[in-house]
Amino acid sequence: MIQTLGRLSEQWLDSDFPLRQSAVRALQVSTGLTPHQVETAIDACFSELTEEKIRTFVEVEQLEPVEEIKVLHVLPSNVFTAWIHGAVITLLMKADCWLKPSTHEPVFAPLWKRSVDQLDPLLGQRIRIVSWTPKILSEVETVVAYGSDETLNRLRQELPPTVRMVGYGHRFSVAAIFKEALQTTERASLLDRLLADVEPFRLQGCLSPQVLYVEGEIPEEFGPLSRRVDRMPRLHRFETWSEVEADLWSQRGHLSALGYAGPWERVQALRPNLDALGFSRVCPLGEMQRPPLAWRNGRLSLVEALHREPILAKSDGNA
Amino acid sequence: MEKLELKIERFLRTGQGSFDALALELFAYQFECNTPYRAFCEAQQRTPSEVKDWLEIPAVPIQAFKGGAPLTTFSCERAAAVFHSSSTTGQTPSQHYLKTLTFYETALKSGFSAWIAPSEKKWPFCLLVPSPGEAPHSSLTWMLDVVMRQFGGAGSGYFIQRGLLDDWRLSRMLARAQTDGHPVVLLGTTLAFLAFFEQCSKQNKTFRLPIGSRLMDTGGMKTQKRDISRTEFVEQVERFFGIPEDACLNEYGMCEMSSQFYACGTSSRMQGPPWVRTQVIDPVTGNAVGPGESGLLRHFDLANVDSVMAIQTEDVGEWRDQGFVLKGRATGAELKGCSLAAEAYFK
């Protein structure tokens, strides 16, 4: 299966792959994103799902199958690729993967399933695109859902007690540029790296940096940023990290990723502070939209959740 | 066989036609000629041969009008008009390309004459919106300009210039109407009327407009200071203009649609024309909700001939007596994204 899923990613990374081309056309309608934004998001998603990366994930996580269970994924609309990692993990654990597309973005899941059907019909049989029925929550063992806290709470209330629920709620990300990055050759690449994080989902994803903290003066080359993207992060300058912390402290628990530019050592020194703020991912600027399969979205391991007893499996992650 | 456009145009003019049959025929046409929409439908394997009921016609989210490929059955260089939505800072406006204004104007005039201008007489129209010269892509401005030219009498005009309400000129016009005994028709955004009422209140000024005067407002009731209820608004219309409740209409429309909905007086129940149907959709399940339950409005507008007829909005409403009650704009991340939470924190 690892080989199949890796091969699947190779296909999706190939710009001539017909289903990718269909997706680029259809997703412009369901998301309002440009072809470039859609393609960037597809590339970011499947480049983390290569055979090698999946194999490493399986080995590190020591995946044990949870056969004979069905996992219903209630998909988000804002980040059309957000559910793919969860679906792949579901398949790797040999569970059946049911996908309920969102009201607003109903196209990517059926196209992905079609690509699996073409490559491995048997594996494709384990994926179902489902519509909502009154009984659906009692037909599965686990529900993985993305959405607002209101949506997740409503699902929890409707859930039979024997069904696990993994909920990915609202979160957001920020980026930080340390002064060292502005004093070296790194500076030349900063704008492009920031754009790589800002562009894919028009700043609507939980991994999109809503705020860019810059140590010292904000570089003048960031001025034209608003001409290159239709939405841009707020720019805040800081002198000491404690100012950033103070700014974010009230949001701890709602933070997802920190993208940084500057010395890794400075970030390492801040690790306890970042943990206290609740960041589940710290990565270089430009890599924010490429979470690895092992990323614990909302500090939650889907692998662990699928093994847990239903009553204990409750979490708030992000989408 | 009669051309689809002619059948729809007749429906818009007369209110007579088979919605179900025309909806399926229009879907087949849009599937055939609107390439991005076709891709959207094909991805879901919902093609004209699969779709047997108008309720199954795939509805595009509002986001589809905000970027990506234009949703048209024609080359957008040939567009007769492009309507843009108003948008707040940081939001991407919608763009709706119209191949011809025939359907838009026919639908508008039919609805407007039924709700706002039932009389044959032409009274002066006071428009509390910017003129087309100042807002060339505003669908609201365009709409009011069309009805002013069709139904308005001598002395009609715009009372917002360079973003400012010309309350002095408007006051003079209303005073003259009061003195002469000629009714006037006031059309504009709810916020513009509220701004005028505030001025009137400061100056301790009220008008008793002649019987036959009417008012139509559109847009939200949310001001920067506070939200006001429909009942409060209608009371203010009565107090400052002397226009009774049954001559006070509320309009709901969007630049992505070619038809409008209206509600009368303090009633919040919006009603559309016979060529438009609306569903209320549960955002989680995607299924239609029952009476009394809230959900997202999904409109099927036959007047959207050369774009897409089925539109999934982000407006929350509740189905009521063959109409719907508008309850606001959805804020949940199931629609927009988790970044919304951040906006609340950092505003």
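1. The largest cavity comes to about 440 Å³. "Cavity" here means a set of points, on a 1 Å grid over the protein atoms alone, where a 1.4 Å probe fits but cannot get out; the volume is the space filled by probe spheres set on the points, with grid points joined across faces, edges and corners. Bear in mind that this is a predicted model, where local features need pLDDT of at least 70 and side-chain atom pairs count only at pLDDT 80 or more, while totals for chains, interfaces and linings use all residues. Residues are numbered from 1 along each chain as its sequence is written, chains are lettered from A in the order in which they are written, and side-chain values use heavy atoms, leaving out hydrogens and water.

2. Who lines that cavity? There are 29 lining residues (an atom within 4 Å of a point), and nearest the centre sit Ala82(A), His85(A), Pro291(A), Trp295(A) and Asn297(A). Helix 3 (35-46), helix 4 (51-61), helix 5 (84-92) and helix 15 (302-307) of chain A each give two or more residues to the lining; helices are DSSP runs of H or I, at least four residues, and strands are E runs of at least two, numbered from the N terminus. By class the lining splits into 20 nonpolar, seven polar and two charged, where Ala, Val, Leu, Ile, Met, Phe, Trp, Tyr, Cys and Pro count as nonpolar, Asp, Glu, Lys and Arg as charged, and the others, Gly among them, as polar.

3. On to the interface: 45 residues of chain B are in contact (heavy atoms within 4.5 Å) with 44 of chain A. The two chains bury about 3,600 Å² between them, 57% of it on carbon and sulfur atoms; that is accessible area (1.4 Å probe) lost on being put together, summed over both.

4. The rule finds one salt bridge across this interface (side-chain nitrogen of Lys or Arg within 4 Å of a carboxyl oxygen of Asp or Glu). Arg154(A) pairs with Asp282(B), with the closest N and O atoms 2.5 Å apart. The side of chain B that touches chain A has 21 nonpolar, 16 polar and eight charged residues.

5. Over all chains, the search turns up 26 salt bridges. One to look at is Glu180(A) with Arg266(A), at 3.0 Å, N to O. This pair links distant parts of the chain, helix 9 (residues 179-182) and helix 13 (residues 264-269) of chain A, with the two residues 86 apart.

Methods:
1 Å grid on protein atoms, 1.4 Å probe; cavity = no way out; pocket = protein on both sides within 12 Å on 5 of 7 lines; lining within 4 Å.
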